[in-house]
Amino acid sequence: MLHTKQKEKSERICSNPKCKELGVYPAPKSRDNLREYLYFCINCVRDFNKSWNYFEGLNEHELEVEIRKSVTWDRPSWKFGTKNLNYDFEKAFNTFENQKIQKNKNNLDIKLEAAFKILGLNSDSDLQEVKTKYKHLAKRWHPDVQNDNKSKINKDKFINITNAYKIILESFTKQVKT
Ligand SMILES: [Zn+2]
């Protein structure tokens, strides 16, 4: 009886239908069926391990359970916590960071656009145009040239123009730097 069993085992052919080698390396049939095995030769079991994604089809909770298992008593035989998974975390993190940068950039764009509007310029104006326009407006709205009877609004106007000019100048300096 024992003799027959051993003979059976030794004559098991690789589960890869294209392969004629002896199937001596067990591999689980599926994630849900870890106790039943397919038997492969050394080359085919290597390919199988590479292509078999243990975590495929798991929902978030199931994945967490598997992760817990893998870091505690149930040491997995498959590679885990190395390149692939870390890479995905890193990628997700980078995406998040990029979104934050994009959001800040959008806020800046809105501010910059408003600044151009205050100076009465198109947002594609070049630095020379901006400088010329600012000089012109500053002369016109400068508190020193305003008559005493002019209202506070004119002073505010000058401040607004100057602030807008600063914002636009900063944007040009940044463009030069990058
Ligand atoms: Zn094989």
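Reader: Why is leucine 112 called partly exposed?

Author: The label follows from a count: leucine 112 has 16 other C-beta atoms within 10 Å, and a residue is called buried if 20 or more other C-beta atoms lie within 10 Å of its own, exposed if 12 or fewer, and partly exposed in between, the C-beta atoms being placed from the backbone. Because 16 lies between those limits, leucine 112 is partly exposed. The model is predicted, so local features are given only at pLDDT of at least 70 and side-chain atom pairs only at pLDDT 80 or more, whereas totals for chains, interfaces and linings use all residues. Residues are numbered from 1 along each chain as its sequence is written.

Reader: What makes you place leucine 112 in a helix, and which one?

Author: Leucine 112 belongs to helix α4, residues 83-118; helices are DSSP runs of H or I with at least four residues, strands are runs of E with at least two, and both are numbered from the N terminus. By that convention the protein has six helices and two strands, which follow one another along the sequence as α-β-β-α-α-α-α-α.

Reader: Which residues does leucine 112 touch, not counting those up to four places away in sequence?

Author: Leucine 112 touches Ile167, Ile168 and Ser171, where contact requires that the C-beta atoms of two residues, placed from the backbone, lie within 7 Å. Its C-alpha atom is also 9.6 Å from that of tyrosine 165, which is 53 residues away along the chain.

Reader: How do you know that isoleucine 167 is partly exposed?

Author: Isoleucine 167, a residue of helix α6, has 18 other C-beta atoms within 10 Å, and that count lies in the intermediate range, so isoleucine 167 is partly exposed. Beyond four places in sequence, isoleucine 167 touches Lys111, Leu112 and Ala115, and its C-alpha atom is 7.9 Å from that of lysine 111, although the two residues are 56 apart in sequence.

Reader: What makes up the largest nonpolar core?

Author: Eight residues do: Ala115, Leu119, Val130, Leu137, Ile161, Ala164, Tyr165 and Ile168. A nonpolar core is a set of buried Ala, Val, Leu, Ile, Met, Phe, Trp, Tyr and Cys residues joined through C-beta atoms within 7 Å. Two or more of these residues come from each of α5 (127-141) and α6 (152-177), with α6 giving the largest share, four residues. Alanine 164 touches Ala115, Ile118 and Leu119 when residues up to four places away are set aside. In soluble globular proteins, nonpolar side chains tend to be buried together. Of the 178 residues of the protein, 7% count as buried.

Reader: Where is confidence lowest, and where is it highest?

Author: Helix α1 (residues 2-10) is lowest, with a mean pLDDT of 48, and α5 is highest, at 89, pLDDT being the predictor's confidence in each residue, from 0 to 100. Over residues 1-8 the pLDDT is below 50, and that stretch has zero contacts in the model beyond near neighbours in sequence. Residues 73-90 also stay under 50, with seven contacts beyond four places in sequence. Across the protein the average is 71, and 56% of the residues score at least 70.
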